[in-house]
Amino acid sequence: MIEAPTVGEDFHARFSATERRYRYRIVNRRAPAALDGGQAWHVTLPLDADAMHAAAQRLIGKHDFSTFRASLCQAASPVKTVSRLVVARHDDWVVIDAAAPSFLHHQVRNIVARCCSPGSEKWTADDVTRALDARDRARGGETAPARGLCLMEVRYDGVRPNPGAEPEAPEADD
């Protein structure tokens, strides 16, 4: 059973959060996922998860993420601090885990789309760095589809709302 703590009148579910963790799932094979198709991006070109991970590491830290924000983003500042970006392959799945105190509108989906480029050898990690440094949405490329993105966890004051619940890697569905 999960217990909900009592919070003060000043608590706000969105603005009181200290960390958000997202997961983006890509099924990377010729055949689409039979059971998870609506919850994963289907990419048929072979992706190199190691190259994608190397590119993602260029985005760790505090940066101006103008290149990776939606054109209609209403955030006061494009400066955000990404604390974790991990790209890993699990059989036919590529999973991207991202964590930060807050994200810009479409930031995770734009990062995923850009990191898929090094994976399919269209861009290098240096190209991702140049795009970040440009601070120009036009340099960010396409936006990954929403269907692969899932909010996994929100933390408040460093307390995990569901201790011990670590998300598992997706299973293949043949």
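**Whole chain**

Begin with everything selected, bearing in mind that this is a predicted model. Colouring by secondary structure shows three helices and seven strands, arranged along the sequence as β-β-α-β-β-β-β-α-α-β. Of the 174 residues, 41% are buried. The protein exposes about 9900 Å², and carbon and sulfur atoms supply 50% of that area. Among contacts between residues at least 6 apart in sequence, 70% join residues at least 24 apart.

**Helix α1**

Next, select residues 49–57, which form helix α1. Which residues of this helix are buried? They are Ala49, Met52, Ala55 and Ala56. A view down the axis of α1 places these buried residues within an arc of 120 degrees, so they line one face of the helix.

**Asp97 and Arg23**

The remaining stops concern salt bridges, of which the model has ten. Select Asp97 and Arg23, whose side chains form a salt bridge with an N to O distance of 2.8 Å. Asp97 belongs to strand β6 (residues 93–100) and Arg23 to strand β1 (residues 19–27), so the pair ties together parts that are 74 residues apart in sequence. Are these two residues buried or exposed? Both Asp97 and Arg23 are buried.

**Arg58 and Asp126**

Move to Arg58 and Asp126, another salt bridge, in which the closest N and O atoms are 2.8 Å apart. Arg58 lies in the loop between α1 and β3 (61–64), while Asp126 is in helix α3 (residues 125–134); the pair therefore ties together parts that are 68 residues apart in sequence. Arg58 is partly exposed, with a relative accessible area of 33%, and Asp126 is also partly exposed, with a value of 40%.

**Within helix α3**

Remain on helix α3 and select Asp127 and Arg130, which lie three residues apart, about one turn of the helix. Their side chains meet in a salt bridge at 2.5 Å, N to O. Arg130 counts as partly exposed, at 44% relative accessibility.

How values were computed
Residues numbered from 1 in each chain as written. Predicted model: local features only at pLDDT ≥ 70, side-chain atom pairs only at ≥ 80, totals over all residues. Heavy atoms only, no water. Helix = DSSP H or I, 4+ residues; strand = E, 2+ residues; numbered from the N terminus. Buried < 20%, exposed > 50% of the residue type's maximum accessible area, 1.4 Å probe, protein only. Contact = heavy atoms within 4.5 Å. Areas by Shrake-Rupley, 256 points an atom, 1.4 Å probe, with all protein chains shown as cover. Arc of directions from axis to C-beta. Salt bridge = Lys/Arg side-chain N within 4 Å of Asp/Glu carboxyl O.
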